[in-house]
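Here are my notes on the model, as numbered points. Please read them with the structure open.

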Amino acid sequence: MKNVVIAASLVALVAGCAPVGTDGTAPGGLYRISASQAPQIQSRMLESVNALRSAAAVQPLVLNGQLNDAAAIHSRDMARQQRPWHFGSDGSSPLDRARRAGYIGQVRGQTISETYETELETLAAWMGQIDTRDVLLDPTAREMGFSFYQEPNGKIWWTLVTGG
């Protein structure tokens, strides 16, 4: 557990090193991201999650495109609902969305967030909560999907789904 705490501290530190201002925002006051940045953001999140998993002696995850798609759909739907909620506006669960996206593995967990913070600041917050930390460090998880939706006002809806 000590290694996980150290790794979480490093993630929080790295979050401050993202290509944004010293307060975590882009010039103009908001952390602005575009759909074209999704692959870099997903890769940065995967590397950070795997660093935390390594510190906890848990095998690394790999990105799964179908789980990424399920996460993207849910992020947009949470924005439409205007609430961080694990269920879709149609009543769908994380498992339902993964199946619709073509995922045939077992969904292990989901973490969500509604914030103006960067993905790494969000990861640091998730590591600070037992339930979301358990999803990120679940030793039965083998794959991860991660995506976001940013509203015009800058609010970002993050979704991370694990499967195995």
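1. The side chains of Arg44 and Glu119 meet in a salt bridge, at 2.6 Å from N to O. (A salt bridge is a side-chain nitrogen of Lys or Arg within 4 Å of a carboxyl oxygen of Asp or Glu.) Arg44 sits in helix α2 (residues 38-55) and Glu119 in helix α5, so the pair ties together parts that are 75 residues apart in sequence. Helices (H or I, at least four residues) and strands (E, at least two) are DSSP runs, numbered from the N terminus.

2. On provenance: this is a predicted model, in which local features need pLDDT of at least 70 and side-chain atom pairs count only at pLDDT 80 or more, while totals for chains, interfaces and linings use all residues. Residues are numbered from 1 along each chain as its sequence is written, and side-chain values use heavy atoms, with hydrogens and water left out.

3. Is Glu119 buried or exposed? Glu119 is buried, at a relative accessible area of 0%. The cut-offs: buried is under 20% relative accessible area, exposed is over 50%, and partly exposed is in between (1.4 Å probe, protein chains only).

4. Helix α5 spans residues 119-127. Its buried residues are Glu119, Leu120, Thr122, Leu123, Trp126 and Met127. Seen down the α5 axis, they fall within an arc of 155°, so they line one face of the helix. The arc is that of the directions from the helix axis to the C-beta atoms.

5. The structure holds five salt bridges. One of them joins Arg80 to Asp77, with the closest N and O atoms 2.7 Å apart. These two are three residues apart in helix α3, about one helical turn. Arg80 is exposed at 58% relative accessibility, whereas Asp77 is buried at 7%.

6. Glu114 and Lys155 form another salt bridge, their closest N and O atoms being 2.8 Å apart. Glu114 lies in strand β2 and Lys155 in the loop between β3 and β4, so the pair ties together parts that are 41 residues apart in sequence. Glu114 is partly exposed at 33%. Lys155 is buried at 13%.

7. Now the sheet. Four strands form an open sheet in the order β1-β3-β4-β2, with mixed pairing. The edge strands are β1 (62-63) and β2 (107-115), each pairing on one side only. Two strands pair if DSSP finds at least two bridges between them. β1 and β3 (residues 143-150) pair in the parallel sense over two bridges. Val62 has Glu143 as its bridge partner in β3.

8. Two helices pack on this sheet. Helix α3 (residues 65-81) touches β1, β2, β3 and β4 (156-163), and its direction makes about 30° with that of β3. Helix α5 touches β2, β3 and β4, at about 120° to the direction of β2. Contact means heavy atoms within 4.5 Å. Axes are lines fitted to C-alpha atoms, for helices over the stretch in contact, and angles run from 0 to 180 degrees between N-to-C directions.

9. How many of the residues of β4 are buried? Eight of the eight are, so β4 is largely enclosed by the rest of the structure. Ile156, Trp158, Leu160 and Thr162 point one way from β4, and Trp157, Thr159, Val161 and Gly163 point the other way.

10. β2 and β4 run antiparallel, paired over eight bridges. Glu114 stands opposite Trp157 in β4. Eight bridges also join β3 to β4, again antiparallel, and Phe148 stands opposite Trp158. The β3-β4 hairpin has five residues between the strands, and there Gly154 takes a positive phi near 100°.
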